[in-house]
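Subject: Structure handover

Hello,

Here is the structure we talked about handing over. Please open it first, then read my notes below.

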Amino acid sequence: FPGFNGKSVIINAKTETVLEKKMFKESTSQRRCVITAKGFYEWDKSKNKIFFQNKEGNTVFIAGIYQKYKEDNRFVVLTTKANESMRPVHDRMPLVLKEEMIFEWLTDYEAAREILQYEPPFLKREAEYEQKRFEFI
């Protein structure tokens, strides 16, 4: 979404406040979407890049909302409190949906309100590499 100053962009929104914030409220009620991906990356406190995907390695379905901006549709990823699989890396994570939740997320506002409180499934994580730190003795 376009940022407040018109120059920056907003890439995610917290599920806990998305129904209250003026910027997201209408999109949450009328323009929900699903972002599909093989997985996603998050960086830990040591700046290691960690890849997350579902345990089966299939498509990850991430809850989002969108709005029209000029000639384009713009979306944000909805984030929630980290579950057990994400917590060692970061305190938040995308709201990952189970495939059977997609239809309700897209079509049923009351179900979507409940889904906003849902804890995502456990994800598999792997580091492509581990950064080394040098300490001077």
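A salt bridge here is a side-chain nitrogen of Lys or Arg within 4 Å of a carboxyl oxygen of Asp or Glu. By that rule the structure holds three of them. Please keep in mind that this is a predicted model.

The salt bridges, one by one:

- Glu16 and Arg92 meet through their side chains at 2.9 Å, N to O. This pair links distant parts of the chain, 76 residues apart. Glu16 sits in the loop between β1 (12-14) and α1 (22-30), while Arg92 belongs to strand β7 (residues 92-94). Arg92 counts as buried because its relative accessibility is 15%, under the 20% limit. Glu16, at 34%, counts as partly exposed.
- Glu26 and Arg31 form a salt bridge at 3.3 Å, N to O. Glu26 is partly exposed, with a relative accessible area of 45%.
- Arg113 and Glu110 pair at 3.9 Å, N to O. Both lie in helix α3 (residues 109-115), three residues apart, which is about one turn of the helix. Arg113 is partly exposed, at 36% relative accessible area.

Now the charges overall. The protein chain carries 24 positive and 21 negative side chains. The centres of the two sets lie 6 Å apart.

The fold in brief: there are three helices and nine strands. From the N terminus the order is β-α-β-β-β-β-β-β-β-α-α-β. The C-alpha trace spans about 55 × 40 × 25 Å along its principal axes. Of the 137 residues, 42% count as buried. Among contacts with a separation of 6 or more, 62% are between residues 24 or more positions apart. The accessible surface comes to about 9300 Å², and carbon and sulfur atoms account for 50% of that.

Next, the hairpin of β3 and β4. Strand β3 (residues 40-43) runs antiparallel to β4 (residues 49-54), and four bridges join them. Trp43 stands opposite Lys49 in β4. Five residues lie between the strands, and Lys47 takes a positive phi near 70° in this hairpin. Which face of β3 is covered? Phe40 and Glu42 make up the covered face, whereas Tyr41 and Trp43 are on the uncovered one.

Gln67 counts as buried because its relative accessibility is 19%, and the limit is 20%. Phe1 is 66 residues away from Gln67 in sequence, yet the two are 7.5 Å apart in space, C-alpha to C-alpha.

Best wishes

Conventions
Residues numbered from 1 in each chain as written. Predicted model: local features only at pLDDT ≥ 70, side-chain atom pairs only at ≥ 80, totals over all residues. Heavy atoms only, no water. Buried < 20%, exposed > 50% of the residue type's maximum accessible area, 1.4 Å probe, protein only. Helix = DSSP H or I, 4+ residues; strand = E, 2+ residues; numbered from the N terminus. Pairing = 2+ DSSP bridges. Contact = heavy atoms within 4.5 Å. Areas by Shrake-Rupley, 256 points an atom, 1.4 Å probe, with all protein chains shown as cover. Lys, Arg positive; Asp, Glu negative; His and termini not counted. Charge placed at Lys NZ, Arg CZ, Asp CG, Glu CD.
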